[in-house]
Amino acid sequence: MQLQLGHVVHALSDTIDLVDGRNGMHGKRVAYLACAVAERLGWSEPAVTALCSAALLHDCGISSTREHERLVHEPDAPEADRHCREGAARIAAFPTLAPLAPVIRAHHTPWARLADTGLDDGQRARANLILLADRVDGLLARHGGHPATAARDWLPRQLADWPGTLCAPGSVDALLACAATDDFWRTLQPEELARYLRHRHQLPPHPLDLPAFHRVAVQFARIVDAKSPFTRAHSAGVARLAGYLAAQFGFDAGRRTRLEIAALLHDVGKLRVPDEIIDKPAPLTRMERAVMRRHSYDTMQILARIRGLGEIARWASAHHETLEGGGYPFSPRARDLPLEARILAVADAFQALSQARPYRPGLAVDALVEQLQLQAGKGRLDGEVVDLAATRAAACYAAAVGEARTGVTAAAAAVS
């Protein structure tokens, strides 16, 4: 399996943008705004491409819809520095993207204080254009969108005291010059924005093999699991348990690693679900259940954009499918559910039952196995997989709740 880094960056950007409660394109709008200013200032093509990558990923330190909404309205809130630090640490864990980490770390630092950060001239310029674009997108959100005629009136007044303090001299003038044209506002519309970024953001070919992508998937999982204190290390636990069960079924190392990747990525769509639904300490309403159920579909939509991920995307999005056909999002027949998807469904249920949730405590091993067997009896989980987990319940429990590992698992290491 060989995946392209550019596809992974866009999928990671899509994942991060799910946290934006408006239309899921905050990172893309910031990337466009920053790149439009850079092009107006005469930046080189490689410099604009590097800026675009950093802007697409600048909010990778945010997993909470509540925190994202607060920062839109209060960009200087205490959470701002924390999410910059967290985002830089996450990006630094990607070897090929690590040069973006200092820029992401500084993207909330005003121009007047950037000289004290130790960044070089290029890093300071990129961080500051992301700040400018981020603040402008927040202003547009607070004004109810961006109708061009209205924004052209109030935008210059809002930005009047930014040059030299919040932003580098010249960058605000460049943004206002961009905003004076009709095509600037048209490109901010979702369909045009996606087209612009496909053309603008063309990273040099950089293939990722299976172990390298496993390390990438670990970072995706960390972003997702930080969504709620109740889901800390959930995806990592599901991956360990799925890998353990796969080994008991005799999967070779490469097949186990692919399944572990699917497990690490299975809940990426959950970032769209509002925090108040994830953390609700009571039964969900019918509407809230519909919002929650969408996460499997969103997982499929994001992962399908990584060319070559194919079966891994299908396994990941099928973790709530059932053998009797009442699951979601696609409700396939039992014969169309591969063993990998069946293992992942059991591993997900096992790990979730082992963790405390807002509406119940975590279950002890015996009670947990009893619940899985009940679900298997109703045709929702695969009986053979559940029986295997029951006969090795202590080992499965240890895999499900063990400390999250940061490196490549044994299966991934074996194929490196």
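These entries record what I looked up in a predicted model.

Conventions. I number residues from 1 along each chain as its sequence is written, and side-chain values use heavy atoms, with hydrogens and water left out. Because the model is predicted, local features need pLDDT of at least 70 and side-chain atom pairs count only at pLDDT 80 or more, while totals for chains, interfaces and linings use all residues.

Entry 1, salt bridges. I took a salt bridge as a side-chain nitrogen of Lys or Arg within 4 Å of a carboxyl oxygen of Asp or Glu, and by this rule I count 24. I looked up Asp14 and Arg305, whose closest N and O atoms are 2.5 Å apart. Asp14 lies in helix 1 (residues 5-17) and Arg305 in the loop between helix 17 (286-303) and helix 18 (310-317), so the pair ties together parts 291 residues apart in sequence. Helices here are DSSP runs (H or I, at least four residues), numbered from the N terminus. Asp14 is buried at 12% relative accessible area, whereas Arg305 is partly exposed at 47%; buried means under 20%, exposed over 50%, and partly exposed in between (1.4 Å probe, protein chains only). I also find Asp14, Asp17, Lys28 and Arg305 linked in a network of salt bridges.

I find a salt bridge from Arg135 to Asp76, with the closest N and O atoms 2.7 Å apart. Arg135 is in helix 8 and Asp76 in the loop between helix 4 (65-73) and helix 5 (79-92), 59 residues apart. Arg135 is buried at 10% relative accessibility, but Asp76 is exposed at 60%.

Terms used: Helices (H or I, at least four residues) and strands (E, at least two) are DSSP runs, numbered from the N terminus.
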